[in-house]
Amino acid sequence: MTTATPAKTKYEAIIGLETHCQLSTETKIFSDSSTQFGSDPNTNIDPVCMGLPGTLPVLNEKVLEYAVKAGLALNCTIAPYSKFDRKQYFYPDLPKNYQISQYDLPIAEHGWLEIELTDDKGKPLVDENGKALTKRIGITRLHMEEDAGKLVHAGSERLSGSTHSLVDYNRAGVPLVEIVSEPDMRSGQEAAEYAQELRRIMRYLGVSDGNMQEGSLRCDVNISIRPVGAEKFGTKVEIKNMNSFSAIQKAIDYEIERQIAAVETGERIVQETRLWDEATQRTISMRTKEGSSDYRYFPEPDLGPIEVTQEQLSHWKAELPELPAAKRHRYENELGLSPYDARVLTDDRTVAEYFEKAVTAGASAKPAANWIMGDISAYLNNEKLGISDIPLTPENLAEMITLIEDKTISNKIAKDILPDLLTKGGSPKAIVEKKGLIQVSDPKVIEAAIDKVIAAYPDELEKYRGGKTKLLGFFVGQVMKETGGKADPKLTNQLLQSKLNG
Amino acid sequence: MIDREQVRKVAHLARLDLTPDEEEKFTTQLSDILEYFEQLSELDTDEVQPTARAIDMSNVTRPDRLQPYENRETILNSAPDRESTAQGDFFKVPQILSGEGE
């Protein structure tokens with residue numbers, strides 16, 4: 001007897017992210033204390049961020065500028081009229097018992113950013129024309145707010161049931177932007193890609209360092225599943241506590257599986273907050289008391305509204321750098337680079353600018369990309385340096401690439417002089433001239449060397465002519481040795497083959 | 001205008017512990033206050049923007065210039081309790097259960 005197995009229900013995940021980015025200002029959002037990470041506890045505090053009676057918060061002008069620039073870079077509409085609100089809740093990390101945030105009139109709304117779709121290894125997926133496949137993720141809103149302090153739970157005392165907690169308010173009042181995405185992502189990989197692109201944009205703008213370890217970039221994920229084709233959303237679960245992009249991806253992938261398994265066994269998904277546990281690689285429920293999240297927002301009476309003028313807006317808009325997505329498109333479409341190369345080069349703005357300077361100085365794009373992504377990156381990684389720390393200037397790199405292209409030096413010679421260029425800098429042309437490394441392209445000189453080599457290895461010659469053509473490499477090596485590595489490799493190959501074949 | 005249940009909820013959100021007598025009293029008082037303000041609804045405000053503040057001033061900002069506050073000790077001392085550890089000076093608060101209900 002045969003029974004038809006019912007078609008397995010396919011599910012899709014609906015994912016949205018809430019990201020907090022710390023803005024790179026010197027001082028706090030509403031007061032003059034430092035935002036320095038890692039200061040001794042409670043050294044960066046003042047009456048305003050501590051919410052002492054009679055104090056008046058005043059908005060840091062850089063916070064407004066950075067928030068507007070971030071909004072513009074995320075293709076948002078900047079609010080002509082925006083205000084701050086009080087969000088009330090009781091928790092000891094919040095000295096005022098309310099957080100100054102923005103509720104119904106955020107500074108920026110209705111934007112989007114573009115992510116590249118990649119495979120499991122982070123390689124961009126491409127269409128039939130070899131162009132990167134991209135997807136737009138909507139940005140619901142971006143608003144300004146203050147960070148809270150930090151509770152220190154003495155680890156050893158937790159078991160013995162200590163009677164108190166310790167609080168460090170250095171972080172209270174540190175400026176943040178909260179960026180809320182539309183529920184447009186469908187996999188952990190897309191969400192991780194979104195978070196990375198967001199960080200790239202913030203770093204390009206210079207408005208946030210995006211350091212996840214120090215908490216400058218924090219992502220909360222909202223996720224639900226539904227059968228493919230269904231319109232209704234499933235019950236939404238929030239996941240917190242991921243401090244790397246891979247943790248975001250893994251937490252989401254875990255949560256998708258967990259929710260599917262729950263639905264398949266007829267279990268009800270509870271609307272709740274779950275924590276990603278890095279040690280056990282799973283999400284765990286963090287039950288919160290019902291009804292505790294009634295924030296009773298109301299307009300902050302101590303701060304005036306913000307009305308960004310058209311003039312100010314155009315001024316800030318003009319200061320925006322070319323952003324990563326625009327660079328990727330330009331590298332692919334105008335410079336003919338592969339999506340992979342474009343992606344790697346534009347990941348860091350200083351690397352992209354180095355590359356562009358080399359191209360402007362006359363280097364061909366592809367070899368410039370190869371040198372930067374290959375030998376130069378390897379050196380930087382080894383030495384833990386940034387590309388702007390090395391004496392090799394983009395102009396000198398361009399000069400070296402030109403020397404290779406006009407056959408003044410071989411690729412091998414270039415590799416030989418690179419360590420010197422990386423550590424001491426200088427003109428590659430001057431170096432090859434000084435060291436006498438200019439490539440020999442004169443057939444007569446190469447032929448002379450070949451004749452010498454052939455005369456020196458009669459046995460090998462016989463074997464070669466007897467069919468062991470693999471020995472060609474051996475002869476090339478000997479000719480190179482004879483010419484101090486300076487013989488034009490392509491020409492050597494040609495001449496050698498014709499001589500060996502007799 | 002406002003019922004006892006709402007008063008209980010607001011009291012809970014404000015972390016206030018009310019006696020039954022107080023609940024009764026505040027329900028009446030708050031209703032009276034709200035009723036008094038209700039007179040405002042006689043006015044037609046359809047064309048009026050909500051007013052968040054009385055002073056008509058916008059874009060008040062300050063430069064991003066570091067000026068560390070020098071009287072840190074006073075702030076630390078004004079808290080009910082503090083504690084100095086090897087890591088530095090902390091405010092001391094009643095225990096918060098970390099990972100509540102975990």
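The model is predicted. Between the two chains, about 4,100 Å² of area is buried, and 55 residues of chain A are in contact with 38 residues of chain B. Strand 9 of chain A is joined to strand 3 of chain B by four bridges. Elsewhere in chain A, A:N241 and A:K407 are not glycines, yet A:N241 has a positive phi, as does A:K407.

**Extent of the interface**

- The size of an interface is often given as the accessible area lost when the parts come together.
- For chain A and chain B this buried area is about 4,100 Å², and carbon and sulfur atoms give 55% of it.
- Of the area that chain A buries against chain B, 13% is supplied by A:D32, A:F90 and A:L166, more than by any other three residues.

**Polar and charged interactions**

- Two salt bridges are counted between chain A and chain B.
- A salt bridge links A:D294 with B:K9, and their closest N and O atoms are 2.6 Å apart.

**Composition of the chain A side**

- Among the elements of chain A that each supply at least two residues to the side touching chain B are strand 2 (59-60) and helix 1 (61-73).
- Strand 8 (150-152) and strand 9 (164-168) of chain A also each supply at least two residues to this side.
- Strand 9 of chain A gives the most, with five residues.
- By class, the side of chain A that touches chain B comprises 23 nonpolar, 16 polar and 16 charged residues.

**Strand pairing across the chains**

- Strand 9 of chain A and strand 3 (residues 88-94) of chain B run antiparallel and are joined by four bridges.
- Within strand 3 of chain B, B:F91 is the residue that stands opposite A:V167.

**Positive phi angles in chain A**

- A:N241 has a positive phi of about 75° although it is not a glycine, and this residue lies in strand 12 (residues 237-242) of chain A.
- Because its relative accessibility is 49%, A:N241 counts as partly exposed.
- A:K407, likewise not a glycine, has a positive phi of about 65°.
- The position of A:K407 is in the loop between helix 10 (394-405) and helix 11 (411-424) of chain A.
- A:K407 has a relative accessible area of 44% and is therefore partly exposed.

How values were computed: Residues are numbered from 1 along each chain as its sequence is written. Chains are lettered from A and ligands numbered from 1 in the order in which they are written. This is a predicted model: local features need pLDDT of at least 70, side-chain atom pairs count only at pLDDT 80 or more; totals for chains, interfaces and linings use all residues. Side-chain values use heavy atoms; hydrogens and water are left out. Buried means under 20% relative accessible area, exposed over 50%, partly exposed in between (1.4 Å probe, protein chains only). Contact means heavy atoms within 4.5 Å. Buried area is the accessible area (1.4 Å probe) that two parts lose on being put together, summed over both. A salt bridge is a side-chain nitrogen of Lys or Arg within 4 Å of a carboxyl oxygen of Asp or Glu. Ala, Val, Leu, Ile, Met, Phe, Trp, Tyr, Cys and Pro count as nonpolar, Asp, Glu, Lys and Arg as charged, and the others, Gly among them, as polar. Two strands pair if DSSP finds at least two bridges between them.
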